[in-house]
Amino acid sequence: MKLATIRTLSLGPGLHPHGRPHLGAASGLALIGTDAFVVGDDELHLGVFDTSSQRPGRLVRLLDGVLPEGKADRKALKPDLEALCVTPAWPGAPHGALMAFGSGSTPHRHTGVWLPLDAGGHPAEASATRVSLAALYAPLHAAFADVNVEGAFVADGRLHLLQRGHAGQPGNACVMFDWSAVAAALDGHAPAPAPLRIDRFDLGQAAGVPLCFTDATPLSDGAWLFSAVAEATASSYLDGACVGAAIGAVGADGRVQRIEPLDIPWKVEGIAAVAEGARWRLTLVTDADDPGTPATMLAGWWA
């Protein structure tokens, strides 16, 4: 499968806390109109980029503070926000919200942040709310030796969380919760719910390394698309070389229908799909794993 480059995730001058002219790690993506909202796993901000132009993006603060510039210190302290989705309305966000999810790979990474949308579907930028996802993630820690939430979406009344495997734990999974119960927990009116079900997946390999989920996006009738990469690491904490990548589809029955390898092993970590006729227009973002290298926005088609 071929992808076309749309743009790099460049930022306006002076916006980044450390003076970088771009986002280097794009780990989650949500689309609202022509705006692409990108969460970075080593940032405390949300990037906002126009998919129809090359104009530099801007940043919306999600969490207070400033992360260290050094890679090791930054990795140890970052909230590791790896997934982003648009939610339906709930009492705490009557027009829906953008919600970011920490990976859960360490106790420090059980952070979630939601940003309410206004009546026009635009985020209320001064109203980010931080929440603990520790109780929601507890069943994942019981089910998986190494938790790593990399994707999230809400469809058909369910929150889907994508558990990413690695070479040491190659299994992937989709963990489903009742969305209304999750929303009640976010508002503090109920305890975190137990999962409705956990579907496990083997996505095969690329160059001898298991393909593992990096994000997902809903289609229709219960189906969804996922991005996956083969990263040569046996840890959810340590990065490795990306030796392969793919886009795939899961049907309403919870089974993989098709996997299309990418012709270039882009480390795609965010995916969103918009229906156009009988096809789906894909927007994707990459994680460069290098603060000095800008993340890239890509486009493709799924039929």
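Predicted model: local features only at pLDDT ≥ 70, side-chain atom pairs only at ≥ 80, totals over all residues.

Trainee: OK, where is Glu150 found?

Mentor: Glu150 is found in strand β10, which covers residues 149-155.

Trainee: And is Glu150 buried or exposed?

Mentor: Glu150 has a relative accessible area of 2%, and because buried means under 20%, Glu150 counts as buried.

Trainee: What does the side chain of Glu150 make a polar contact with?

Mentor: The partner is the side chain of Arg164, at 3.4 Å. Leaving aside residues up to four places away in sequence, Glu150 also touches a number of others, including Ser27, Leu162, Phe213 and Glu269.

Trainee: Switching to the rings, how many aromatic pairs are there?

Mentor: The count comes to 8 aromatic pairs. In one of them, Phe153 and Trp224, the ring centres are 5.8 Å apart and the planes stand at 50°, so the pair is tilted. Phe153 belongs to strand β10 and Trp224 to strand β17 (residues 224-231), so this pair ties together parts that lie 71 residues apart in sequence.

Trainee: Are Phe153 and Trp224 buried or exposed?

Mentor: Both Phe153 and Trp224 are buried. Trp224 also pairs with Phe201, with the centres 5.9 Å apart and the planes at 85°, so that pair is edge-to-face. Since Phe201 lies in strand β13 (residues 197-201) and Trp224 in strand β17, the parts tied together there are 23 residues apart in sequence.

Trainee: Which residues form the aromatic cluster?

Mentor: Phe153, Phe201, Phe213, Trp224 and Phe226 form one cluster, and Phe213 is also among the residues that Glu150 touches.

Trainee: Which ring does the charged end of Arg258 sit over?

Mentor: The charged end of Arg258 sits over the ring of Trp302, 3.9 Å from its centre, while Arg279 lies over the face of Trp301, at 3.9 Å from that ring centre.

Trainee: Last topic, what is the strand order in the open sheet of 4 strands?

Mentor: The order is β1-β22-β21-β20, and the pairing is antiparallel. The edge strands, each pairing on one side only, are β1 (4-8) and β20 (268-276). On average, and with direction ignored, neighbouring strands of this sheet are turned by 25° against each other.

Trainee: Over how many bridges do β20 and β21 pair?

Mentor: Strand β20 and strand β21 (residues 279-286) pair over 8 bridges in the antiparallel sense, and Gly270 stands opposite Val285 in β21.

Note on methods: Residues numbered from 1 in each chain as written. Heavy atoms only, no water. Helix = DSSP H or I, 4+ residues; strand = E, 2+ residues; numbered from the N terminus. Buried < 20%, exposed > 50% of the residue type's maximum accessible area, 1.4 Å probe, protein only. Polar contact = N/O pair within 3.5 Å; in protein donor to acceptor, adjacent residues only side chain to side chain. Contact = heavy atoms within 4.5 Å. Pairing = 2+ DSSP bridges. Axes fitted to C-alpha atoms, helices over the stretch in contact; angles between N-to-C directions. Phe/Tyr/Trp six-rings, centres within 6.5 Å; stacked < 30°, edge-to-face > 60°. Lys NZ or Arg CZ within 6 Å of the ring centre and 35° of its normal.
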